[in-house]
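Take a look at the model below. Keep it open while you read this short report.

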Amino acid sequence: MAERAEQQPKGCFFYGFITVVLVFIGILVGVYFGTRKAVQYTIETYTTNAPASIPALQLSPAEQKRLADSLQTQATTALRGNNPGELVLTENDLNVLIAQSPDLAAYRQQIYLRPEGDQLRAYLSLPLDQFAPWKDFTSRFGSKKWAGR
């Protein structure tokens, strides 16, 4: 008859290792769900399905063109001089520059700038669906409720 070898009980190293593995898995699961909840909260708090109302430039296209030409003349004059003076831009000047810029043509109805004292306040209303990373993010995250934000 074969004698059975007595099985030794598992030591504290084994149970400590199992405990560490379970705690690590718990931390990973907590970080995943915590991050997911934080992202959901941020998206739902700081975005909306309806576009934000932003001020509009109240100048006719002819006035915008005249103002843009005037600003171009001032900039050219300032660059020619050895000691350029200070260039002060008003609310209309800033927004005409945005409206006349070919790089910002797609965003002219979505951006508005307003100087307030020594600071500049920007009003933005950008649909996130126009950006490929947002579309990729929402498809991976599997949430259709964030479309149109």
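The model is predicted.

**Helix H2**

Start with H2, which covers residues 61-80. This helix has 20 residues. From its first C-alpha to its last it reaches 29 Å, close to the 28 Å expected at 1.5 Å a residue.

Which residues of H2 are buried? They are Gln64, Leu67, Ala68 and Leu71. Seen down the axis of H2, these buried residues fall within an arc of 100°, so they line one face of the helix. The face turned away from that buried side carries exposed residues: Ala62, Arg66, Thr77 and Arg80.

**H2 meets H3**

The buried residues of H2 pack against H3. The two axes come within 9 Å and cross at roughly 100°. Angles of 65 to 115 degrees count as roughly perpendicular, so H2 is roughly perpendicular to H3. The table lists the residues that make the contact.

| Helix | Residues in the contact |
|---|---|
| H2 | Gln64, Lys65, Leu67, Ala68, Leu71 |
| H3 | Asn92, Asp93, Val96, Leu97, Ala99, Gln100 |

**A residue in H3**

Now move to Asn95, which lies in helix H3, residues 91-100. Is Asn95 buried or exposed? Its relative accessible area is 5%. Buried means under 20%, so Asn95 is buried.

What does Asn95 touch? Leaving out residues up to four places away in sequence, its contacts are Leu57, Ile111, Tyr112 and Leu113.

Terms used: Residues are numbered from 1 along each chain as its sequence is written. This is a predicted model: local features need pLDDT of at least 70, side-chain atom pairs count only at pLDDT 80 or more; totals for chains, interfaces and linings use all residues. Side-chain values use heavy atoms; hydrogens and water are left out. Helices (H or I, at least four residues) and strands (E, at least two) are DSSP runs, numbered from the N terminus. Buried means under 20% relative accessible area, exposed over 50%, partly exposed in between (1.4 Å probe, protein chains only). Contact means heavy atoms within 4.5 Å. The expected span of a helix is 1.5 Å times one less than its number of residues. The arc is that of the directions from the helix axis to the C-beta atoms. Axes are lines fitted to C-alpha atoms, for helices over the stretch in contact, and angles run from 0 to 180 degrees between N-to-C directions. Angles under 35 degrees count as roughly parallel, over 145 as roughly antiparallel, 65 to 115 as roughly perpendicular and the rest as oblique.
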